[in-house]
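Here are my notes on this one, as numbered points. Have the model open while you read.

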Number of protein chains: 2
Amino acid sequence: MSARKRVSLKDIAAACKVSVATVSKALNDQADIGQETKDLVRETAEAMGYFPNFAAKALKTNRTYNIGLLFMDDSQSGLTHNYFARVIESFKKKIEEKGYDLTFISNNRSSQGYMSYLAHARYRNFDGVAIACVDFYKPEVEELVRGNIPVVTIDHVFNDRSAIISDNVMGIKDLLTYIYEMGHRKIAYIHGSDSAVTQSRIKSFYKTAMDLGLEIPDEYVLEVEYRDTVGAQRATEKLLELSDRPTCILYPDDFATFGGINAIKQKGLRIPDDISIAGYDGIDIAMKYSPQFTTIVQDTDLLGRKAAEKLIDSIENPRTTLSEQVIVPGHLNEGETVKRLIS
Amino acid sequence: MSARKRVSLKDIAAACKVSVATVSKALNDQADIGQETKDLVRETAEAMGYFPNFAAKALKTNRTYNIGLLFMDDSQSGLTHNYFARVIESFKKKIEEKGYDLTFISNNRSSQGYMSYLAHARYRNFDGVAIACVDFYKPEVEELVRGNIPVVTIDHVFNDRSAIISDNVMGIKDLLTYIYEMGHRKIAYIHGSDSAVTQSRIKSFYKTAMDLGLEIPDEYVLEVEYRDTVGAQRATEKLLELSDRPTCILYPDDFATFGGINAIKQKGLRIPDDISIAGYDGIDIAMKYSPQFTTIVQDTDLLGRKAAEKLIDSIENPRTTLSEQVIVPGHLNEGETVKRLIS
DNA sequence: TAATTTTCCTAAAACGTTTTCGTAACTTGA
DNA sequence: TCAAGTTACGAAAACGTTTTAGGAAAATTA
């Protein structure tokens, strides 16, 4: 009820009959304050319901303990993207443990007119910035990365900047090898549209196929947007109409896989008895669905945690921290959507 | 490369040979500054790459243009919850248009020890707070709501505080009525565990059933956690084993509905030919899945927007804004999972 | 005892803004 | 021509911290 004024160091100082400086140092546990005074100050602060004024502190120290997160642009799905949502969730948890907060970076602000991402980040004085799930080729993103704020990117590497990426090469290799070992020889691959992730996956796909001695006809490889259920459905239809149709289809992500399921069901075919499929990501519903998806489960938890650790490290030890790429392996969830053809 | 020092009002003042006060006023477009001076100051500021120091401004004005978002606790699914993620997405967009930023509220910070949500919100000096997808009965949440920061809650009403809620009463009514009109008389209802949302849905369910002259045997009504696929699967199995089994099952959310689908498929039954089902929420995959879910699509966009408008209104016009509950209707997506039994 | 060191505290400046109040210069009206 | 009003600007205080540079008193040493 009583909307008392916020208590400041000055108030505590008055109550304790010491100087403001002493109070500040006592609360920050500096060495040159006596134990008794420290105790007194802390107790009084507690009793008076004191908490620091973030703005004043930030103004003075030039540290906000706030991290900016660039997480989507209009064309993307942002928060609703299950895979990234989980990475961010883990990232957030980790930085909060270390006393940081998370604020979204954007660029539409009415007051000061248009702000670039970098301008926004500078304005808010973020200690560091994390970037995920955006169009990395946008000049504005590049500008942000090149600004002099510590930065970590997720699933994309910028030269000379820290990045956390999931191991798409290993992922595709494990997945394809598993499918091969299950006896499949006619394997189609619907992949995502152009991005760093897609590229490494495609390369790994062809490389692994070659190593296994697999022949991949051109018509077995199609391109579709990420998370494009309808597109994946169409692509699947095309594959099913081929005279020599594949026995297994790989999808760029689990969401797209559902498009494949739709197409297959509409053809009256059963999974995996008539045709096998495999996804990527290991999103919640893919693991709960029956038949459970054969998919590469990305270690979103580790991805987020590593990103947090790396970023905070470069914030707190700017000189000794070198930018580095961390590759996080996923693991194969065998699931039930790939049929064993040989034993 | 040149990490030049940040330019401040003082620098601009020096460059323009006017006082700091004048620069500040010119940039804020105050009336008592001549047009020529304003132009000069603004051009110089622009040329020097000036942008305001957020911390200093916040310290002085006690306004941060930052909104706190409390969005989950450990037991919940937070960001990965598709329905809420979409609401937040829309909320975020709206507040950004108005020049606000969004920061997560949490309570684990190492530096100052444990902080309650309210303490955190006060520390960061949020202009307002939005709460969604949390355990509203936690004392700490209550404390935050009762703190003197403008607040809006989503899908839960606190006495005397603004809230945006989706119209669960109408939703269930429309859904049940539709199913009735399709000819179903034996309708089961798996509902979520205790919450404000669940309560209004259950009431609406029984009320509508009564109005329609429907008899609902007790064994047709089961309780399951929200988004609990496995639980919903078990519950569905129970229903399918009943001697007089329902012709249609309602689920608390689309995610749980997938559990039902699993159970039904494993029984060798088809949807909707052998049994009909209906979900709630209208999450992405439910709309893309085949058969497309019969479900109530929540207007997440409007929910988020309304929440943003309400909150900003009560921030900017604290006296004239009265706390109010806004009820946002969803709409029925007829989909393909409820079979027509009569014509 | 005197010199030195250590312990504990303070005054004051600074961070970058906003805002109040004052005032000089110019304009207006009678 | 003079009083009153208007316009355009500046000086200075304030917001709540941190930090530097001292310095008085107490403890230690010689």
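**Notes on the A/B interface and DNA strand C**

1. Starting with the protein pair: 58 residues of chain B are in contact with 58 residues of chain A, contact being heavy atoms within 4.5 Å. This is a predicted model, where local features need pLDDT of at least 70, side-chain atom pairs count only at pLDDT 80 or more, and totals for chains, interfaces and linings use all residues. Residues are numbered from 1 along each chain as written, chains are lettered from A and ligands numbered from 1 in the order written, and side-chain values use heavy atoms, without hydrogens and water.

2. About 5300 Å² is buried between chains B and A, with carbon and sulfur atoms giving 56%; that is accessible area (1.4 Å probe) lost on putting the two parts together, summed over both.

3. Two salt bridges are counted between the chains (Lys or Arg side-chain nitrogen within 4 Å of an Asp or Glu carboxyl oxygen). B:R124 and A:D101 form a salt bridge at 2.6 Å, N to O.

4. Now the DNA. Of the 26 residues around DNA strand C, those that come nearest are A:T22, A:G34, A:T37, A:K60 and B:S24 (near: a heavy atom within 4 Å).

5. Some specific distances: a polar side-chain atom of A:D32 sits 2.9 Å from a base nitrogen of DNA strand C.

How values were computed
Polar contact = N/O pair within 3.5 Å; in protein donor to acceptor, adjacent residues only side chain to side chain.
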